[in-house]
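The sequence and model are shown below.

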Amino acid sequence: MTRPLALFDLDNTLIDRLAAFELWAAEFAASRRLGEEAVPWMVKLDADGSLPMDAFFGLVRERFGLAEPVEVLWAAYRARLPHLVSCPAEVLDGLDRLRAAGWAVGIATNGMADNQTGKIRRTGLAARVDGWAISEAEGVRKPDVRLFEIAAHRCGASLDSGGWVVGDDPEKDIAGGRNAGLRTIWIDRGVTGEGTVADHVVTDVMSAIELVLRTARVPTS
């Protein structure tokens, strides 16, 4: 029997990308003596990850008169950020419980392959999921259904078997998941999402995991 699917977004769903970005910004500003206003300026500019990072570093380079090309600054950021993120132990345990209950558990995330893979591996998520799909590596981005299809395949599952998408982005995760034929759980972080139509709304990923676990248990054979 094909296992139904529980697909999770990565940034600000399984891990706190915003907290890691704030740590990076503080390190970056301190190492270059950019001044006390640099950190809040960069956090605002980043807009919770909504500004493409090549554009972000172009503006950072211009504002602070940095000599390095945008590509060098961005590559250094991608190498550093995986060292600053973490996944809470209870979330890792929750993913283990989902798999033990018969769910195929995966990650579908937009982003650069080196950065996202680094986060997945360094946080311990790689050992807790059946597979993942990263937009840059696959050449397709959420909300495109094809990224969900790839993630399902990597988990040994199929969208046809049904399941869930859990994420914080109303368009990429919730609309994308619904278009993929899956039920959706929106993590409302109080940032955006007016008019979001999801099957369930929670405030953190642990609540989403518990919700999935409370649904009909899945036969393992």
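## Backbone geometry

Alanine 47 lies in the loop between helix 2 (38-46) and helix 3; helices (H or I, at least four residues) and strands (E, at least two) are DSSP runs, numbered from the N terminus. Although not a glycine, alanine 47 has a positive phi of about 55°. At 37% relative accessibility, alanine 47 counts as partly exposed, where buried means under 20% relative accessible area, exposed over 50%, and partly exposed in between (1.4 Å probe, protein chains only). This is a predicted model, in which local features need pLDDT of at least 70, side-chain atom pairs count only at pLDDT 80 or more, and totals for chains, interfaces and linings use all residues. Residues are numbered from 1 along each chain as its sequence is written, and side-chain values use heavy atoms, with hydrogens and water left out.

Asparagine 12, also not a glycine, has a positive phi of about 60°. Asparagine 12 is found in the loop between strand 1 (5-8) and helix 1 (17-32), and counts as buried at 8% relative accessibility. The peptide bond from lysine 142 to proline 143 is cis, with omega near 20°; proline 143 is placed in the loop between helix 7 and helix 8 (145-154). Most residues other than glycine have a negative phi, and most peptide bonds are trans.

## Nonpolar cores

A nonpolar core is a set of buried Ala, Val, Leu, Ile, Met, Phe, Trp, Tyr and Cys residues joined through side-chain atoms within 4.5 Å. The largest has 54 residues, of which Phe8, Trp24 and Leu125 touch the most other members. Helix 10 (residues 205-214) gives the most to this core, with 7 residues. A second, separate core of 16 residues includes Leu7, Ala152, Cys155 and Ala157.

Not counting residues up to four places away in sequence, leucine 125 touches Leu10, Leu14, Ile15, Cys87, Leu92, Leu95, Ile107 and Ile120 (contact means heavy atoms within 4.5 Å).

## Cysteines

With a disulfide defined as a pair of cysteine sulfur atoms within 2.5 Å, the count comes to 0 disulfides. Cysteine 87 is in no disulfide, and the nearest cysteine sulfur, that of cysteine 155, is 16 Å away. Cysteine 87 counts as buried at 9% relative accessibility, and cysteine 155 counts as buried at 3%.
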